[in-house]
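Me: Hey, I've got a structure open and could use a hand reading it. Can we go through it together?
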Amino acid sequence: VIIGALYWRQRLFDDRVEIQFGKADAAANFAFVNGAGDFLSNYGGYVAGIAQFIPNWGDPATGLELAVRPADGFRWQAAWYDGSTNAWDPATGQNGPRTGPRGPATYFDDPGAALVMTEIQLEWSLGGGRDGLVKGGGWVHLGETGYSGPIDPATGLLVNTVVDDAYGFYATALQTVWAAGDDGPKIDVFGAISWSDPSRNPVEWGFNAGLTARGLIPGRPADSIGLMASPTLFTDATGISPLGTAYGLPGGTGGSEINVEAYWRIELTPWCAIQPDVQWIRTPSGTLDDAVVGTLRVEVAF
């Protein structure tokens, strides 16, 4: 059984300071790509460079989060999370255990496997509902992570590569470029960029750009459409390659992946919506054949 969220949150000084402790999804507050939340791929959830490490849906982690808003439109936050599912365990010779089933006990006795994050955010308004924001942050995993490296030609076995203190930086931005008032139809554009040390992370560079539009179809004010492109560049470092062959073995060094996604969210009633979605993925993990994925999501609110 995994408890997905169980935390205590306290706001102080007219909501200028916020403290949270407990089991939580780190991607809900950090490295989130604003404006891309309705897309189905992970690229719509958080920047690519942190995907190997961030505790998120399915495997949240115990964390202490602090946010300070000294002035309107400015926010700084930091967090200390109980490690990563990809933390190396010397006892087993593989990554794990997962953070999802963990309780708070390991938060206090295993500081060497912590994930530390910090982020600043600036917000503004150009009037008429044309709001925008930009944020930037960094992260470091204070522990070891294992990768299945190349095959040893002498033994035919995979060679494990273990690295420590993986880290990276990111920035995202969102701007409403057209709006018919504060609550009317609007068009948003968004973008993100991330970088991580290529000697410690398969993903060296990640990019994200797209747009969403709501209420543009006559007579359907709650419908929205979106288009997003997400190129990813992988490291050239030997032994730090992403999994990506037809047999589940490590792929070659370098390479890239491009994910292009489009959706149409159709509100059938105030409590039910359907969302056709299609993704084209060029060279997944940098080595696999191109793929097309179609999805139909059904939302029911009750």
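Me: Are phenylalanine 39 and tyrosine 263 buried or exposed?
Reply: Both of them are buried. Keep in mind that this is a predicted model.

Me: OK, and what's the mean pLDDT of the chain?
Reply: The mean is 90, and 93% of the residues reach 70 or more. Over residues 244–248, though, pLDDT stays under 50.

Me: Switching to rings: how many aromatic pairs does the structure hold?
Reply: There are eleven aromatic pairs. In one of them, the rings of phenylalanine 21 and phenylalanine 108 have centres 6.3 Å apart and planes at 45°, so that pair is tilted. Phenylalanine 21 sits in strand β2 and phenylalanine 108 in helix α1, 87 residues apart, so the pair links distant parts of the chain.

Me: Which aromatic cluster is Phe108 part of?
Reply: Phe21, Tyr107 and Phe108 form one cluster. Phenylalanine 108 is exposed, with a relative accessible area of 62%, while phenylalanine 21 is partly exposed at 27%.

Me: Back to phenylalanine 39 and tyrosine 263: why is that pair edge-to-face?
Reply: Their planes are at 85°, and over 60 counts as edge-to-face. The ring centres are 4.9 Å apart. Phenylalanine 39 is in the loop between β2 and β3, and tyrosine 263 is in strand β13, 224 residues apart.

Me: What about the second largest pocket, which residues lie nearest its centre?
Reply: Phe39 again, along with Ser41, Asn42, Gly45 and Trp57. The lining has 15 residues: eight nonpolar, six polar and one charged. About 270 Å³ of space lies in that pocket.

Note on methods:
Residues numbered from 1 in each chain as written. Predicted model: local features only at pLDDT ≥ 70, side-chain atom pairs only at ≥ 80, totals over all residues. Heavy atoms only, no water. pLDDT = per-residue confidence, 0-100. Contact = heavy atoms within 4.5 Å. 1 Å grid on protein atoms, 1.4 Å probe; cavity = no way out; pocket = protein on both sides within 12 Å on 5 of 7 lines; lining within 4 Å. Points joined across faces, edges and corners; volume = space filled by probe spheres on them. Nonpolar A, V, L, I, M, F, W, Y, C, P; charged D, E, K, R; others polar. Phe/Tyr/Trp six-rings, centres within 6.5 Å; stacked < 30°, edge-to-face > 60°. Helix = DSSP H or I, 4+ residues; strand = E, 2+ residues; numbered from the N terminus. Buried < 20%, exposed > 50% of the residue type's maximum accessible area, 1.4 Å probe, protein only.
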